[in-house]
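Let's take a friendly walk through this model, from its overall layout to its core and its aromatic rings. Have the sequence and the structure open as you read.

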Amino acid sequence: MRRAGLFGVPRVRPWSWQAFLLGLVVVAMSAVLQGICVALGAKLYFVAFLPGLFVLALVAGVPAAAFATLLTVPLVWWAFMPPFFQFTALTIANADSINLFCLLAVLLIGLADLCRETMTIIRSGGLKPSGESAATNPQ
């Protein structure tokens, strides 16, 4: 693992087995947290998974976060959408929840990837100024 340079966050190589194992751990921890939320009466099926996906994409990269996203959808469908612990046909509302989760997951993973790339640029010394700026170009 390497240090990212932002608050000492360890980084994992994106296609390593450690990244995918971390993805599995994040999904399991999020499922436990989601189970607690459901026990307290929350009906937001994916609420506990989105922050975990963002942090996972920031630490382990896009492939591990995409893997965790693909693992999350059938897990939530099976464990948290009524009837619990069985696969049944999706209602329109449940299908919309899954679609919205996929959209938010793509946006959060993209944002985390941009943050990860920005940390890499900053760690390497930042952007080097070129001789000219587009704002001062006389054309």
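## Layout of the chain

The chain holds 4 helices and 2 strands, taking helices as DSSP runs of H or I with at least four residues and strands as runs of E with at least two, numbered from the N terminus. Along the sequence they follow the pattern β-β-α-α-α-α. Please keep in mind that this is a predicted model, in which local features need pLDDT of at least 70 and side-chain atom pairs count only at pLDDT 80 or more, while totals for chains, interfaces and linings use all residues. Residues are numbered from 1 along each chain as its sequence is written, and side-chain values use heavy atoms, with hydrogens and water left out.

Of the 139 residues, 31% count as buried, meaning under 20% relative accessible area, with exposed over 50% and partly exposed in between (1.4 Å probe, protein chains only). The accessible surface comes to about 8,900 Å², and carbon and sulfur atoms account for 74% of that surface; the areas come from the Shrake-Rupley method with a 1.4 Å probe. Among contacts (heavy atoms within 4.5 Å) between residues at least 6 apart in sequence, 64% join residues at least 24 apart.

## The core

Which residues touch the most other members of the largest nonpolar core? In this set of 29 residues, they are Phe46, Phe49, Leu56, Val76, Phe80 and Phe101. A nonpolar core here is a set of buried Ala, Val, Leu, Ile, Met, Phe, Trp, Tyr and Cys residues joined through side-chain atoms within 4.5 Å. Helix 1, helix 2 (49-60), helix 3 and helix 4 (92-123) each supply at least two residues of this core, and helix 2 gives the most, with 8 residues. Leaving aside residues up to four places away in sequence, Val76 touches Tyr45, Phe46, Phe49 and Met81.

## Aromatic rings and cysteines

The whole structure has 6 aromatic pairs, that is, rings of Phe, Tyr and Trp (its six-membered ring) with centres within 6.5 Å; planes under 30 degrees apart are stacked, over 60 edge-to-face and the rest tilted. Phe20 and Phe67 make an edge-to-face pair, 5.4 Å centre to centre with 80° between the planes. Phe20 lies in helix 1 (residues 17-39) and Phe67 in helix 3 (residues 62-79), so the pair ties together parts 47 residues apart in sequence.

A search for disulfides (cysteine sulfur atoms within 2.5 Å) finds 0.

| Residue | Relative accessibility | Class |
|---|---|---|
| Phe20 | 22% | partly exposed |
| Phe67 | 29% | partly exposed |
| Cys102 | 31% | partly exposed |
| Cys115 | 28% | partly exposed |
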